[in-house]
Amino acid sequence: MKILMVCLGNICRSPMAEGIMRKLGGNKILVDSAGTAGYHIGSQPDKRMIKMAFEHGIDISKLRARQFQADDFDLFDVIFAMDSSNYRNIISLAKDDNDKQKVKMILENGNVPDPYYGGDEGFEHVYQLLHEACQNFLDNIE
Ligand code: 4NP
């Protein structure tokens, strides 16, 4: 199964989600991430997110940001949005209902908060939310 994690900048939430899903999913899952915005194309994940991932045994330092594009609908089976704004932006690029059905919110109830402008506790919270969401997803596809 091929999964794409999508947030706004592709430097905080979606690279963390990518790292967690890769670790938990093993060889069952192929995973990538992207941002709906292009501001950070080519950038390494945010230093604070790299550190938080590392503390949980995950190396996301080699990932580089890229922008979500319409072709991604053809390359992935499931596209996870981190928040409702990401969701709307992804859906706006869908060409048909088949594309739209691939797009899901990663949390059942609400948004993964954007940690970019906050403190370290925001990054830990994002890690916890994403870890639980990825584990739930994997438990349900088995
Ligand atoms: P992300 O966080 O969407 O989780 O990667 C953000 C990173 C950068 C910006 C916003 C959100 N920014 O405005 O530059």
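A pocket is taken here as an open set of grid points, on a 1 Å grid over the protein atoms alone, with protein on both sides within 12 Å along at least five of seven lines. In this predicted model, the space taken by the ligand is the second largest pocket.

Along the principal axes, the C-alpha atoms of the protein chain occupy a box of roughly 40 × 35 × 30 Å.

The shell around the ligand includes Cys 7, Leu 8, Gly 9, Asn 10, Ile 11, Cys 12 and Arg 13, and it also includes Tyr 39, His 40, Asp 114, Tyr 116 and Tyr 117. By residue class, this shell divides into seven nonpolar, three polar and two charged residues.

A polar backbone atom of Ile 11 lies 3.0 Å from an oxygen atom of the ligand, and for a polar backbone atom of Cys 12 the corresponding distance to a ligand oxygen atom is 2.9 Å. Arg 13, by contrast, contributes through its side chain, an N or O atom of which is 2.8 Å from an oxygen atom of the ligand. Taken alone, the ligand exposes 350 Å², of which the protein buries 92%.

Conventions. Residues numbered from 1 in each chain as written. Predicted model: local features only at pLDDT ≥ 70, side-chain atom pairs only at ≥ 80, totals over all residues. Heavy atoms only, no water. Near = heavy atom within 4 Å. Polar contact = N/O pair within 3.5 Å; in protein donor to acceptor, adjacent residues only side chain to side chain. Areas by Shrake-Rupley, 256 points an atom, 1.4 Å probe, with all protein chains shown as cover. 1 Å grid on protein atoms, 1.4 Å probe; cavity = no way out; pocket = protein on both sides within 12 Å on 5 of 7 lines; lining within 4 Å. Sits in = over half its atoms within 2 Å of the grid points. Nonpolar A, V, L, I, M, F, W, Y, C, P; charged D, E, K, R; others polar.
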